[in-house]
Amino acid sequence: MSMANPHLKFASQAVAKPYFVFALMLFLGQVLFGLIMGLQYVVGDFLFPLIPFNVARMVHTNLLIVWLLFGFMGAAYYLIPEEADRELHSPKLALLLFWVFAAAGVATILGYLSVPYATLAKFTGNDLLPTMGREFLEQPTITKMGIVVVCLGFLYNIGMTLLKGRKTTVSMVMMTGLIGLAVFFLFSFYNPENLARDKFYWWWVVHLWVEGVWELIMGSMLAFVLIKITGVDREVVEKWLYVIIAMALITGIIGTGHHFFWIGAPEVWLWVGSIFSAMEPLPFLAMVVFAFSMVKNRRRHHPNRAATLWAKGTTVTAFFGAGVWGFLHTLAPVNYYTHGSQLTAAHGHLAFYGAYAMIVMTLISYAMPRLRGLGEAADERSQRLEIWGFWLMTLSMVMITLFLTAAGVVQVWLQRWMEDGSALPFMATMDHLKPLFWARLVSGVGFLAGLLCYLFSFRQRGRAALRAPAAVVPS
């Protein structure tokens with residue numbers, strides 16, 4: 001045990017704390033800009049020209065990516081030393097990379113907000129190596145280079161820790177996912193002039209992140225938390241993990257084809273993309289069965305009830321968001337009408353929240369009491385507040401998804417389905433969707449309230465009251 005913090009197995013795990021804190025700060029910023037966008041949908045000139053819609057959208061999506069990356073890195077710094085059974089290779093390097101990444105992220109967001117995007121591109125030398133101007137990859141080329149440097153330093157630190165320590169299935173799956181994350185990001189530097197080819201490789205970053213290697217990171221984080229809070233034998237968890245990652249990689253990699261339907265790729269992708277995309281819900285369904293089975297067969301009752309709820313909740317929400325809502329419009333004959341509609345936004349919101357935001361909050365929920373010296377769990381009041389945050393955020397996101405789904409169905413019906421010349425133009429269709437956008441905005445306010453509950457649950461000072469030893473459930 002760490003002498004500085006007796007609740008940590010290794011002192012170097014403490015470097016995860018600034019990553020988690022900064023991730024949650026960025027998450028709050030992402031939600032606030034989401035609300036700005038939601039209001040701009042119904043009040044078109046809100047904050048214009050100070051924050052135009054395209055800038056708010058860019059900040060909203062970039063904050064999503066960056067806060068999740070901070071969450072993944074913090075999770076690795078907490079998880080890998082414990083799995084490797086040794087101190088982190090270089091805590092100083094981890095802290096240095098934190099400040100470099102945080103400074104680069106803040107500077108980039110301020111750049112989006114303070115100058116026109118074209119000016120930012122010129123100022124950061126985009127003409128020398130053009131990489132900007134693509135959704136989710138709007139970061140200036142110099143920022144992308146900084147991300148690569150941070151990733152290399154991060155992978156070196158984690159890799160050296162693993163090489164010198166114990167190798168487990170959990171740590172190796174996470175390392176594989178993290179390496180894949182770094183490798184596929186390199187395609188963001190390839191920006192061909194041909195638009196079809198550009199989109200083809202653009203999905204090699206975006207899809208193979210969120211429907212490929214990120215699922216490995218999610219699976220390893222879930223397995224780690226379940227081992228800790230249930231006491232189930234590691235061998236049982238590892239067998240489940242092998243099955244989940246095999247399904248995730250097979251369906252996720254070939255399922256990239258559902259993005260190649262309408263970009264000028266060969267017709268074979270209509271079949272390949274549809275068939276393998278239809279199987280993409282399977283790894284998420286396996287995660288649901290996995291989590292609930294482990295909790296049901298647990299050998300101990302962990303005092304951190306909130307972390308247990310987050311672990312089960314992320315699998316269910318990810319299954320519906322990434323699995324069911326993805327399948328709703330992934331078959332080529334359906335996607336012909338729904339592509340790029342509000343149905344895409346519905347799927348994206350629930351999938352990102354369920355699969356990745358919730359797994360990061362799961363690990364933060366488990367690790368933060370230990371990182372703060374409180375013991376295995378926060379006090380009862382803090383846990384109740386956190387559980388309120390869980391339900392408010394999750395139910396609000398479900399409502400956001402349902403309203404966006406309804407908006408997508410109406411949009412397809414009014415704008416795309418009617419082929420007799422009676423289809424409405426885009427802006428006229430949007431006018432019909434305003435009541436649903438207002439409802440979505442109200443749900444977004446509910447989500448913000450849930451996030452504030454989650455953040456305020458960390459206000460506890462000092463150790464929680466001493467508890468009796470955790471009960472052991474007979475096997």
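Mentor: Begin with accessibility, and keep in mind that this model is predicted. A residue is buried under 20% relative accessible area and exposed over 50%, with partly exposed in between. Leu285 has a relative accessibility of 38%, so this residue counts as partly exposed.

Trainee: In which helix is Leu285 placed?

Mentor: Leu285 belongs to helix α10.

Trainee: Now the charged side chains. How many salt bridges does the count come to?

Mentor: The criterion is a side-chain nitrogen of Lys or Arg within 4 Å of a carboxyl oxygen of Asp or Glu. By that rule there are 9 salt bridges. One of them pairs Glu82 with Lys228, with 2.7 Å between the closest N and O atoms. This pair links distant parts of the chain, as Glu82 is in helix α2 (residues 53-84) and Lys228 is in helix α7 (residues 195-230), 146 residues apart.

Trainee: Is Glu82 buried or exposed?

Mentor: Glu82 counts as buried because its relative accessibility is 10%.

Trainee: With which residue does Glu83 form a salt bridge?

Mentor: The partner of Glu83 is Arg234, and their closest N and O atoms are 2.7 Å apart. Glu83 lies in helix α2 and Arg234 in helix α8 (residues 234-254), so this contact ties together parts 151 residues apart in sequence. Glu83 has a relative accessibility of 1% and therefore counts as buried.

Trainee: What does a salt bridge that involves a loop look like here?

Mentor: Take Arg134 and Asp198, whose side chains meet in a salt bridge at 3.4 Å, N to O. Arg134 sits in the loop between α4 (117-123) and α5 (141-164), while Asp198 is in helix α7, so the pair joins parts 64 residues apart in sequence. Arg134 counts as buried because its relative accessibility is 7%. Asp198 is also buried, with a relative accessible area of 7%.

How values were computed. Residues numbered from 1 in each chain as written. Predicted model: local features only at pLDDT ≥ 70, side-chain atom pairs only at ≥ 80, totals over all residues. Heavy atoms only, no water. Helix = DSSP H or I, 4+ residues; strand = E, 2+ residues; numbered from the N terminus. Buried < 20%, exposed > 50% of the residue type's maximum accessible area, 1.4 Å probe, protein only.
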